[in-house]
Amino acid sequence: MATFRLQGSKVLAVSMTGDAVKAKNGSMVAYDGQMAFKKMSGGGEGLRGMVTRRLTGEQMEVMEVRGQGTCWFADRASEINLVSLHGDKLWVEASNLLCADAGLRTGTTFTGLRGGATGNGLFTTTVEGTGQAAIMSDGPAVVLRVTPQYPLQVDPGAYIAHQGDLQQHFQSGVTFRTLMGEGGGEAFQIRFEGDGLVYVQPSERNTIGGDV
């Protein structure tokens, strides 16, 4: 299995001894040893993953990297966080997934309506199995614990990923921008209930469905 390690907070080094990883297309910045690169169509497993991505706009351009040596990955100076999976599942926005062990299964899952009529964000990328994955954030990510006693509301623009036994609901809400008079549309929040972890970033991406 490939070995993941961070060099600083914005570069991922992956050491391989004949094994492989799946990485965001174009994210390789350097390598030593003997490496082979192959672009993979779609990002999910099989035809269903390709079709759902095409219909929903959940883009995930992926390449397979295999070889002997070390490969370094980075993307637009984003902060990188390592997630270890032990037979469980990670839900992550496609644009926030940098790299994963090739043995981890990737696919898509329906997560619910996020507002708006375009259908944007109806599906989220899933990573499942045993191994490591690297996810990106705009600024240092914060990992928030959710328990049955303490559900969590998250701005969709700040959401990166989650793992654990969590239920995800989309609901109308009020954001700080709405309170400050800067919001111009209907606002939505993601409510997480159950037991697990939610990864959020300190910078909001643009989302569909009004100001969120």
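Two aromatic pairs are present in the structure, which is a predicted model. In one of them, formed by Tyr159 and Phe192, the ring centres lie 5.8 Å apart and the planes meet at 25°, so the pair is classed as stacked, given that planes under 30 degrees apart count as such.

With regard to the cysteines, a search of the whole structure returned zero disulfides. Cys71 takes part in no disulfide, and the cysteine sulfur nearest to its own, that of Cys99, is 8.0 Å away. Seen from Cys99, the closest cysteine sulfur is that of Cys71, and the separation of 8.0 Å is too far for a bond, because a disulfide requires the two sulfur atoms to be within 2.5 Å. Cys71 counts as buried at 0% relative accessibility, and Cys99 is also buried, with a relative accessible area of 1%.

Gln132 is located in strand β8, which spans residues 123-137. Its side chain reaches the backbone nitrogen of Phe4 at a distance of 3.5 Å. When residues up to four places away in sequence are set aside, Gln132 touches Phe4, Leu82, Val83, Ser84, Ala100, Asp101 and Leu104.

Gly87, in turn, is part of strand β5, which covers residues 79-92. This glycine is exposed, with a relative accessible area of 51%, a value that falls in the exposed class because the cut-off is over 50%. Apart from neighbours within four places in sequence, Gly87 is in contact with Gly129 and Thr130. Between Gly87 and Leu104, which are 17 residues apart in sequence, the C-alpha to C-alpha distance is 9.3 Å; Leu104 is also one of the residues touched by Gln132.

As to confidence, the chain has a mean pLDDT of 82, and 74% of its residues reach 70 or more. Over residues 46-58, however, the pLDDT is below 50, although this stretch makes 28 contacts in the model beyond near neighbours in sequence. The pLDDT is also below 50 over residues 207-212, a stretch for which 28 contacts are likewise found beyond near neighbours in sequence.

Definitions and conventions:
Residues numbered from 1 in each chain as written. Predicted model: local features only at pLDDT ≥ 70, side-chain atom pairs only at ≥ 80, totals over all residues. Heavy atoms only, no water. Helix = DSSP H or I, 4+ residues; strand = E, 2+ residues; numbered from the N terminus. Polar contact = N/O pair within 3.5 Å; in protein donor to acceptor, adjacent residues only side chain to side chain. Contact = heavy atoms within 4.5 Å. pLDDT = per-residue confidence, 0-100. Phe/Tyr/Trp six-rings, centres within 6.5 Å; stacked < 30°, edge-to-face > 60°. Buried < 20%, exposed > 50% of the residue type's maximum accessible area, 1.4 Å probe, protein only.
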